[in-house]
Amino acid sequence: MAMEMDGFLRECERSGDAAYAALKTLLEKLENPATRSDARVFLTRLQERFPSKDAADECFRTYHFRIQHLLLHDFHGYQKKKKLTMVEIPSIFTPEDWSFTFYEGINRHPDSMFKDKNVTELGCGNGWISIALAEKWCPLKVYGLDINPRAVKISWINLFLNALDDNGAPIYDAEGKTLLDRVEFHESDLLSYCRENNIQLDYIIGCIPQILNPNPETMSKIITENASEEFLHSLSNYCALQGFVEDQFGLGLIARAVEEGIEVIKPMGVMIFNIGGRPGQRVCTRLFERRGISITKLWQTKIMQAADTDISALVEIEKNSPHRFEFFMGLVSDQPICARTAWAYVNSGGRISHALSVYSCKLRQPNQVKVIFDFLRNGFQEVSSSLDLSFDDDSVAEEKIPFLAYLASVLKDNSFLPYEAPAGSIHFRSLIAGFMKVYHHVPISADNVTVFPSRSVAIENALRLFSPRLAIVDEHLTRNLPKQWLTSLPVEVTKDEHEDITHVIEAPRQSDLMIELIKYLKPQVVVTGMAQFEAITSSAFETLLNTTRDIGARLFLDISDHFELSSLPRTNGVLKYLAGKWLPSHAAILCGLVKNQVYSDLEVAFIISEDNTVYTTFSKTVELLEGHTALFSQYYYGCLFHDLLAFQLPNRRPPAEREYGEKNSDKLIGFSSSAVSALNNAEVFVSDPKERNSLIHMDVDQNFLPLPSVVKASIFESFARQNMVESETDARSGIQKLVSSTYGFQSDGSSEFMFSNSRLALFNKLVLCCIQEKGTFLFPSGTNGNYVSAAKFMNANTVTVPTKPEVGFKIVPDTLASLLGNVRKPWLYICGPTVNPTGLLYSNNEIKEILSICAKYGVRVVIDTSFSGLEFRTDGWGVWDLQSSISSFTCINSSFCVSLLGGLSFELLTGGLEFGFLILNEPTLVDIFSTLPSLSRPHSTMKYAIRKLLGLREQKAQPYCHAINEQKDILKNRSDRLMKTLKSCGWDVVDCCSGVSLVAKPTAYMGKTLKLDAFEVKLDDTNFRQAVLKATSLCINSGLWTGIPNYCRLTFALDDAQFEQALQCITEFRRLVLEK
């Protein structure tokens, strides 16, 4: 053996690489059971050759390796050993203060902590901590991981050194296992080995580099065991940029380790990291806290800065940022110095130290945090820098983290945002009903619930639905009502004189005073809340019910202030009443949800009615007047309801037996005549819950093509951020640039920008402006049917501008001019450049000619760009330049103005996320608009997302531009296929070139008879939509909606599967009608 040892040493003496090769050969013998014992004895004799520390150090200098004992005081492993035997080579990290401090921190845990657990050590070096941990705590398995391939090989040698005794025999513990059973070492970039092998861990410990390499280009080298010793050793001291915000502090590698750890750590697992205090304690702790991790500092000390670590990279960071790192002069100083001062001190011969802490880290809400980071890993890593899950208040964390997890799952699992019923998501309404049933024993269903954007919107919509001559409204609820309703009240008004004028009297909230006013004034509608002391019992509510019923008044009772989203809600007299009695048909319950811990201005409201006619009409009303309630607001409060219901046992109590109330007065006010007429003729959302999943909607204005990842990222980031400043949520500048570059529409400081969750809500405010001016709204035949129905609902004077199929149902200037001569105070709605529903385009010359006519007659023009931005056939189409067109007019009536309405969901590809905007340049309209305050405004999160997307669009960001062009190509292909199918099935189709819809006339079907089981009808414009729906479950709009007799509207921006089904439905309908 002596000759063999001499040969081994001669080989090692040649170089560090040769020494590594010799040790690698020795490892092969250790791995072979037949030669293992002899190889271990060889290592024993080799160590005896260099018995003292000085001799071992000389061996290191001469032979490029050493074997020495590592002393571990108070070590209580199964061998009762106080030392480990370890091989060291120059190209791997040598145990020193940094790793000793880390081990001391781990050592503070109780002995049982690691027992029978799966543990991983990141940056294991020569493996001493992994081996010591396995020796002392008997874990199930320890995975020592290092990116340095030489470190992994040496770790295996050290494992054999300590798993076998000096004679090469295995050392067994009390469970009959050796260290070889408990420890493995693998080459791995952080946790890639565990991630690739789907290993779930109880503990992750890590002592990894936290200083950027001063020579960044060296970090781009490929890491192999044949790389230079200097490079491989540098992997222990330096890290490269990782793409995290923490890179600026040298903590990017730690940040990546934490995020990879979240993927593989078990929900109740623990991560333990050694963190140098150079960036400052607040920076170090924030790294963990903003990722939803609660931390405990296990141990802290000061250590000398390693002499072989260059801190010049930190000096450079200080030069380019306000941040200052923390070093100390020697070990005794308590006054920190910055990196620049420390660098100068070191280069003058001084020694510096820094704090070193060991942190124990646990996921705050593990399952939800894992879902969030799983979403971020799937193509949304750039959002990670904006994520902030640190909360001073636990109640905020308990609310926001589950919502972010839900949002992440929705965005990950769905290629597009689902279309929900305008009356509210069926899931959200079911949760509200479920909460009422479980916590208040009120057995209502989702059908009894109608969702509104806000409480003030719900109140205004209710008053517009009934149009009472006189309403009494709680003084706390009038702030957002139209000023016109509040500023005058004739003592006596006949119905004929003021049929459509509502007068609102403000009343105190105290019920006895409210009841006295009701008895004297005899209003037709009462909207009130209840004082806190009156809400405890149901007596005040019962008195209000009886009083309003006796005079024939509708009652809307607001319970917002007394409604608690809690697992132990306070007693509520109104809901206590409803638990025992049916809600009378003249009454409805109103509730605004604003009590959340995170977003004080995020609101959703709902109205509960148990009268079938009332709640059905409410759902249609919100569709025409608001369009919908913001989807993400419903998601947020839906999460709160879900958390309160998730742990409840279903149907634990039998349904309550409730009493019926007394019959209503015959004098009870009904819906307004204009509302009834509009709703009867409107084609509203088909919401039969029995058919909901099988219906195919070609009748909604939404893009169901896949959301680009940049849109999903912006949506998630907007909710993940905290402490957004106002400038980050100001979309005005971006919209201003968009309309200027796209349509040539100029706005300045005097222009008024209005924002809403819905373009329809903004349009309806314009209709009210028109009514206040006593004007007439003109709609071309071939207009979005919901707009026309909404104007009629509000009893506006409307006139139809005739259009012709020869010009694609676009406005003809001569026809418009002849009509305007007979209209007083005209307003004109133009949808463009893309026309909805025809999918045609107005050219710049066409819009210029129309506007010149309007200028002459003083028309208030509303241009709706909501459906533009997805033009896919543009040959011969001139891009708009509205400013140049308007400035060229020589004859302009002073009443002429152009207002721009937009929706952005098509231009920004946001799908179900709508963001309505309105730009007013006319001061008179701005003043009138300001008197109509109850507008559902976008939440700051949505404004942030839209602002970011507008910026990306302006910058022509490549992924975004590619997604827009890709969707245009899809829509072009879809329109071609749809037109081909329709023509082959007997339809006359108007060719489209933009947007998501087209119109077609079912010529071959009119007058034909459709026969189904128990259903037979002769087809015409009034029943065609119902017939197609009944026969095929395909929803389309008929000529009643388009305003073009017999021409139906079909949208084609469906997801792939639904579009294919839609084509099959069209073909099937032909078979049922024409072939039978």
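Visitor: What order do the strands of the open sheet have?
Guide: This is a predicted model. The seven strands of the open sheet run S19-S25-S24-S23-S22-S20-S21, and the pairing is mixed.

Visitor: Which strands stand at the edges?
Guide: Strand S19 (752-756) and strand S21 (797-801). Each has a single partner strand, so one side of each has no neighbour in the sheet.

Visitor: How are neighbouring strands turned against each other on average?
Guide: By 20°, with direction ignored.

Visitor: Do S20 and S22 run parallel or antiparallel?
Guide: Parallel. Three bridges join S20 (residues 776-780) to S22 (residues 826-831).

Visitor: What stands opposite Leu828 in S22?
Guide: Leu778 does.

Visitor: And which strands does helix H31 touch?
Guide: Helix H31 (residues 844-857) packs on the sheet and touches S22, strand S23 (860-864) and strand S24 (897-902). The direction of H31 makes about 170° with that of S22.

Visitor: New topic. How many aromatic pairs does the structure hold?
Guide: It holds 54. One of them is Tyr143 with Tyr193, a tilted pair. The rings are 6.2 Å apart centre to centre, with 45° between the planes.

Visitor: Where do Tyr143 and Tyr193 sit in the chain?
Guide: Tyr143 is in strand S4 (residues 141-146), and Tyr193 is in helix H9 (residues 192-196). They are 50 residues apart, so the pair links distant parts of the chain.

Visitor: Is Tyr193 buried or exposed?
Guide: Buried, at 18% relative accessibility; the cut-off is under 20%. Tyr143 is buried too, with a relative accessible area of 10%.

Visitor: What about Phe375 and Phe716, how do they pair?
Guide: They form a tilted pair, 4.9 Å centre to centre with 50° between the planes.

Visitor: Which parts does that pair tie together?
Guide: Phe375 lies in helix H15 (residues 366-377) and Phe716 in helix H26 (residues 709-720). The pair therefore ties together parts that are 341 residues apart in sequence.

Visitor: Phe375, buried or exposed?
Guide: Buried, at 0% relative accessibility. Phe716 is also buried, with a relative accessible area of 0%.

Visitor: Which residues form one aromatic cluster?
Guide: Phe403, Tyr406, Tyr599, Phe632, Tyr635, Tyr636, Tyr637 and Phe719.

Visitor: Last one. Which ring does the charged end of Arg66 sit over?
Guide: The ring of Phe60, 4.1 Å from its centre. The charged end of Lys302 sits over the ring of Phe328, 4.1 Å from that ring's centre.

Notes. Residues are numbered from 1 along each chain as its sequence is written. This is a predicted model: local features need pLDDT of at least 70, side-chain atom pairs count only at pLDDT 80 or more; totals for chains, interfaces and linings use all residues. Side-chain values use heavy atoms; hydrogens and water are left out. Two strands pair if DSSP finds at least two bridges between them. Helices (H or I, at least four residues) and strands (E, at least two) are DSSP runs, numbered from the N terminus. Axes are lines fitted to C-alpha atoms, for helices over the stretch in contact, and angles run from 0 to 180 degrees between N-to-C directions. Contact means heavy atoms within 4.5 Å. Rings of Phe, Tyr and Trp (its six-membered ring) pair if their centres lie within 6.5 Å; planes under 30 degrees apart count as stacked, over 60 as edge-to-face and the rest as tilted. Buried means under 20% relative accessible area, exposed over 50%, partly exposed in between (1.4 Å probe, protein chains only). A charge sits over a ring if NZ of Lys or CZ of Arg is within 6 Å of the ring centre and within 35 degrees of the ring normal.
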